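Biologist: Could you walk me through this one, sheets and helices and all? I'd like to ask as we go.

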Amino acid sequence: MSETVVRVAGLRHAYMVGTPMETAALRGAELTVSRGEIAALVGPDGAGKSTLLRFLNALLRPARMGQVTVLGSDAAAPSLDVAALRRRVGLVFQYPHHQLFERYVGDDVAYGARQLGLSAPEVRERVAWAMAAVGLDLDAFKDRATFSLSGGEMRRAALAGVLAMKPELLLLDEATTGLDPGGRSELHTLLRRLRDLEGMTVVLASNDMDEVAELADSVTVLQGGRTVAAGPVRDVFYSADGLQAVGLTQPSTVGIVGALRERGFALPGEPLTLAEVEEGIWRALPA
Amino acid sequence: MASIASLRHVSIGQYIAMGSVVHRLDPRGKLICFGLLIIATVAATTYTSNVLLLAAVLGLVLLARLPVGYLLSTVKPAVPVILILALMQLLFYGGSADAALLTLSWGPIHIVVGRDAVRMVVTSLLRFLDLLFLTSLLTNTTTHGELTRGLESVLSPLNALHLPGHELAMIGAIALRFVPILGEQMESILMARESRGVGTGGSSRWRVVRNAQQVAALIVPLFVDAYRRSEEMMLAMQARCYRGGRGRTHLLESAWRLSDALALGLTVLLVASVLALQHLPFH
């Protein structure tokens, strides 16, 4: 059994408590993430994905009910060293322009690393590494004004700013929105590399089922602030009472497999990625 | 975190649907009443007139079914400033020596706290509450669309002077709409900074300086974002053929009803009595 890095149980949360605008965001969310996996968080709009991620970064603290344990510390404990936890948990926000606040890209990427108290050469090295990892050329971008970036470049810069802190746990809130297909697959490669080489654990909130099928090891389905399904990605996507019930589509690969089987094509196993489907088709074809 | 959450508690400019009598009043009438009540608030300097005014305003808040506690809680961040201002007024208002309640002497410094100073402080606080409640009353019970329409027709006499009444109303309404947006934006920037470990490391001795720097650093991104937002809004309006007020009609037309006339009449009566109380021989 691998180590559990995130355990959320029975978490409830409401925004603007005590005002006429009070709204419940989480009504009993559950989440378990093991070290070194890419865990996906899926659910329709307003399911509470972003809220849950904010709890993992201790931006929100359990106020009403529930337990949140992140990297072995109780995120509800009043004595929690919030800053120390945040140094180990990096959050990339849903809207990158909410995240970039320094005037120049280089400064913004360096911001978190500077907060760690690293020396100037170390910070520079981190910034160079992070910008290379997300595919932003250091010399071309470090002196660009953050607000002059395009949507996709902002997305990359925001991610670089978090990567430069080398967090143990990386939280991504719909991180591929605004990226072109090439950028999207680059990001997927990067996340796999971070998992395999750096041992980083990734929690990824996403609406794109194909992306989740391609990338994730486990998946948790949220609806109306409640966890309605969770488990290894294959089990969840191939379970009968799966995603349509909560208004989510299947990954297109699962649809393809279903359609082929309906037509009597004996495809083996439970393929999830396009490569797996292709392999299955080759194997099922008479030689 | 408490500081971040409290930014959301900006009650001004936020419509709260409660469906009360006040919500249903004609926006033009409401605006005129609002203006009259503001005049009364500015004019009221005596105890009696202030008590009457505050009672009336509180009555209106209750009538509109707005949560009084919530409105009051929005003042919390301003309390230190208000207290310092009150103290300054109390100490330095001056006044004649025969009406003095308290005289402090310390070397060459003489501080006289007079009856007038106390009255000034008390009435200032009450009037501050009036202003808060009145502004909340108007913006919490009137949707932005209604407010724009109301402002436009209240300002329409300006058209005769070749002043752009519609545009002024539109600018005013958009400005109000931006209050909660800026609050949310500020919150998200603060969150972004916190999530990357602001306020860690460094000695606590320079914390005040650092906090001041952090607030200053917020202003630039906040304004850049506000500009960009307004630019996008401009494009969105142009894309839907907005060309200013000329020839523009409204989906909803306000109808002036008996209740509106009644509300206006009562407001005029109230303002008149507040002004009359000002001139009574006793305070």
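Predicted model: local features only at pLDDT ≥ 70, side-chain atom pairs only at ≥ 80, totals over all residues.

Biologist: Which strands are at the edges of the open sheet of 6 strands in chain A?

Modeller: The strand order there is β6-β7-β8-β3-β9-β10, with mixed pairing. Neighbouring strands are turned by 15 degrees against each other on average, ignoring direction. An edge strand pairs on one side only, and in chain A that goes for β6 (89-92) and β10 (226-232).

Biologist: Which helix packs on that sheet and touches β3, β6, β7, β8 and β9 of chain A?

Modeller: Look for a helix at residues 49-56 of chain A. Its direction makes about 155 degrees with that of β7(A), the strand at 169-173. That helix is α1(A).

Biologist: There's another open sheet in chain A, with 4 strands; why is one side of β2 and of β5 left without a neighbour?

Modeller: The order is β2-β1-β4-β5, and the pairing is antiparallel. β2(A) and β5(A) (73-74) stand at the edges, so one side of each is left without a neighbour in the sheet: each has a single partner strand.

Biologist: And what angle does the direction of α1(A) make with that of β1(A)?

Modeller: Helix α1(A) packs on this sheet, touching β1 (4-15), β2 and β4 of chain A. Elsewhere in the sheet, 2 bridges join β4(A) to β5(A), with A:T69 opposite A:D74. As for the direction of α1(A) against that of β1(A), the angle is about 120 degrees.

Biologist: Now the largest pocket: which element supplies the largest share of its lining?

Modeller: The pocket holds about 700 Å³ of space. Of its 26 lining residues, the closest to the centre are A:Y15, A:S50, A:R54, A:Q94 and A:Y95. β2(A), α1(A) and α9 (165-195) of chain B each supply at least two lining residues. The largest share, 6 residues, comes from α9(B).

Biologist: How many of the residues in that lining are charged?

Modeller: Split by class, the lining has 9 nonpolar and 8 polar residues. The charged ones number 9.

Biologist: Over in chain B, is α3 roughly parallel or roughly perpendicular to α8?

Modeller: Helix α3(B) (27-43) and helix α8(B) (144-154) pack with their axes 8 Å apart, at an angle of about 70 degrees. Their contact includes B:L31 and B:I32 from α3(B), and B:L147 and B:L151 from α8(B). By class, the contact has 6 nonpolar, 2 polar and 2 charged residues. Given that angle, α3(B) is roughly perpendicular to α8(B).

Biologist: How does α3(B) lie against α11(B), and what is the class make-up of that contact?

Modeller: These axes are 10 Å apart, at an angle of about 10 degrees, which means α3(B) is roughly parallel to α11(B). Among the residues that meet are B:L36 and B:A40 in α3(B), with B:V268 and B:V271 in α11(B). The make-up is 13 nonpolar, 2 polar and no charged residues.

Biologist: Last one: which residue in the turn between β1(B) and β2(B) has a positive phi?

Modeller: β1(B) (100-106) and β2(B) (109-114) pair in the antiparallel sense over 6 bridges, with B:L102 opposite B:V113. They form a hairpin with 2 residues between them. The residue with the positive phi, about 60 degrees, is B:G107.

Methods
Residues numbered from 1 in each chain as written. Chains lettered and ligands numbered in written order. Heavy atoms only, no water. Pairing = 2+ DSSP bridges. Axes fitted to C-alpha atoms, helices over the stretch in contact; angles between N-to-C directions. Contact = heavy atoms within 4.5 Å. 1 Å grid on protein atoms, 1.4 Å probe; cavity = no way out; pocket = protein on both sides within 12 Å on 5 of 7 lines; lining within 4 Å. Points joined across faces, edges and corners; volume = space filled by probe spheres on them. Nonpolar A, V, L, I, M, F, W, Y, C, P; charged D, E, K, R; others polar. Parallel < 35°, antiparallel > 145°, perpendicular 65-115°, else oblique.
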